[in-house]
Amino acid sequence: MNIKLQILLIIGTLLFGTLILRLLISKKIALRYSLIWILADIAMLCSALFPTVVDKISNLLGIKTPSNFIFVFGGLFALLIILTLTAIASTMNNQIYRLTQTLSLLEKRVRELENKGDHKKNESSNSDISTDK
């Protein structure tokens, strides 16, 4: 690998890691959702620092060129991110459904209690009217 490209990749991965950390510190992303990005950044940094490792892994897997290995790895990473986001969206959908049901039950209970209170007020005002006669 060309040394200029290697330096550029190292700087890029360090900037990406800094971005992830800034998002974590500012609480724009949760730690559990950022772990996959942190691991990806570490993998990119290691491949930039030690490009021969990528060559050896691609040869071990029978992939002719390291660029094809990176492409396949990137595709699998994208699939992993999509699967993770789908699981998160499904979990949140179930939570919203349960929260909506709970809110509806609580609103019904509040209306029932308000109606009970209004009914008791009407009874007490009716008894006041009947005692005035």
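Predicted model: local features only at pLDDT ≥ 70, side-chain atom pairs only at ≥ 80, totals over all residues.
**Entry 1: ring pairs**

I began with the aromatic side chains and got a count of 3 aromatic pairs. For Trp37 and Phe77, I found ring centres 5.4 Å apart and planes at 75 degrees; with over 60 degrees counting as edge-to-face, that is the label this pair gets. I then looked up where the two residues sit: Trp37 is in helix H2 (residues 31-49) and Phe77 in helix H4 (residues 66-132), so the pair ties together parts that are 40 residues apart in sequence. Trp37 itself is partly exposed, at a relative accessible area of 33%.

Next came Phe69 and Phe73, whose ring centres are 6.3 Å apart with planes at 25 degrees, so I noted them as stacked. Both residues belong to helix H4, where they are 4 residues apart, about one turn of the helix.

**Entry 2: the cluster**

I followed the ring pairs onward and saw that they link Phe16, Trp37 and Phe77 into a cluster.

**Entry 3: the largest pocket**

Finally I turned to the largest pocket, which has a volume of about 550 Å³. Its lining holds 23 residues, and Ala43, Met44, Ser47, Val54 and Ile70 are the ones nearest its centre. Which helices supply at least two lining residues each? I listed helix H1 (3-25), H2, helix H3 (51-60) and H4. By residue type, I noted 18 nonpolar, 4 polar and 1 charged in the lining.

Methods. Residues numbered from 1 in each chain as written. Heavy atoms only, no water. Phe/Tyr/Trp six-rings, centres within 6.5 Å; stacked < 30°, edge-to-face > 60°. Buried < 20%, exposed > 50% of the residue type's maximum accessible area, 1.4 Å probe, protein only. 1 Å grid on protein atoms, 1.4 Å probe; cavity = no way out; pocket = protein on both sides within 12 Å on 5 of 7 lines; lining within 4 Å. Points joined across faces, edges and corners; volume = space filled by probe spheres on them. Nonpolar A, V, L, I, M, F, W, Y, C, P; charged D, E, K, R; others polar.
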